[in-house]
Amino acid sequence: MIQRIEPGPGKESVWDYPRPPRLEDTPKHILVVFNGIVIADTYRAKRVLETSHPPNYYIPTDDIKMEYLVRENRVTFCEWKGQAHFYSVIVGNKQARNAAWFYTAPTPAFISIKDYVAFYANLMEACYVNGERVQPQPGDFYGGWITSDIVGPFKGGPETWGW
């Protein structure tokens with residue numbers, strides 16, 4: 001049985017997030033750094049909140065240095081958002097393959113993230129929310145960003161696929 005961590009003041013539990021997931025605007029300052037370069041910097045992100053997952057942050061392409069992103073052939077499918085496409089991130093001599101994803105034709109409930117980009121924190125040098133360096137969601141599938149104001153337990157690590 002999964003033991004929900006009770007959130008303290010000013011904290012959120014991923015077990016209070018809805019399923020199907022909810023999309024919301026966030027005014028938080030989001031930074032993504034790769035190979036010493038800030039490749040994304042925004043106060044206009046959107047976040048997706050889903051039961052058992054730390055938030056995914058989607059960044060508008062206007063706030064991303066798109067010259068560092070190279071579209072890949074990888075395609076996956078999300079039951080809630082639709083077909084995802086991927087970018088690799090290349091800065092100088094360093095590359096992270098399939099490190100970011102986006103939706104060109106998301107489902108109606110997620111249409112506002114059309115062409116926004118989300119990054120896997122574990123593949124970047126660093127990702128920040130309001131100046132706090134995030135911890136990547138366990139595993140290599142979901143890509144959520146864990147900050148000190150989010151409590152779990154979080155899906156993604158070993159033995160959590162059945163949750």
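## A tour of the aromatic rings

Across the whole structure, a search turns up five aromatic pairs. Keep in mind as you look around that this is a predicted model.

Start by selecting Y57 and W145. Their ring centres are 5.3 Å apart and the planes meet at 40 degrees, so this pair counts as tilted. Now colour by secondary structure: Y57 belongs to strand β6 (residues 53-59) and W145 to strand β14 (residues 145-146), so the pair ties together parts that are 88 residues apart in sequence. Are these two residues buried or exposed? Y57 has 2% relative accessibility and therefore counts as buried. W145, at 1% relative accessibility, counts as buried too.

Next, move to W101 and Y120. Here the ring centres lie 4.6 Å apart with the planes at 45 degrees, so this pair is tilted as well. W101 sits in strand β9 (residues 94-102), while Y120 is in the loop between β10 (117-119) and β11 (126-129), so the pair ties together parts 19 residues apart in sequence.

Ring pairs join Y58, W101, Y103 and Y120 into a cluster.

For the last stops, look for lysines over rings. Select K81 and F110: K81 lies over the face of F110, 5.8 Å from the ring centre. Then select K94 and F34, where the charged end of K94 sits over the F34 ring, 5.4 Å from its centre.

How values were computed: Residues numbered from 1 in each chain as written. Predicted model: local features only at pLDDT ≥ 70, side-chain atom pairs only at ≥ 80, totals over all residues. Heavy atoms only, no water. Phe/Tyr/Trp six-rings, centres within 6.5 Å; stacked < 30°, edge-to-face > 60°. Helix = DSSP H or I, 4+ residues; strand = E, 2+ residues; numbered from the N terminus. Buried < 20%, exposed > 50% of the residue type's maximum accessible area, 1.4 Å probe, protein only. Lys NZ or Arg CZ within 6 Å of the ring centre and 35° of its normal.
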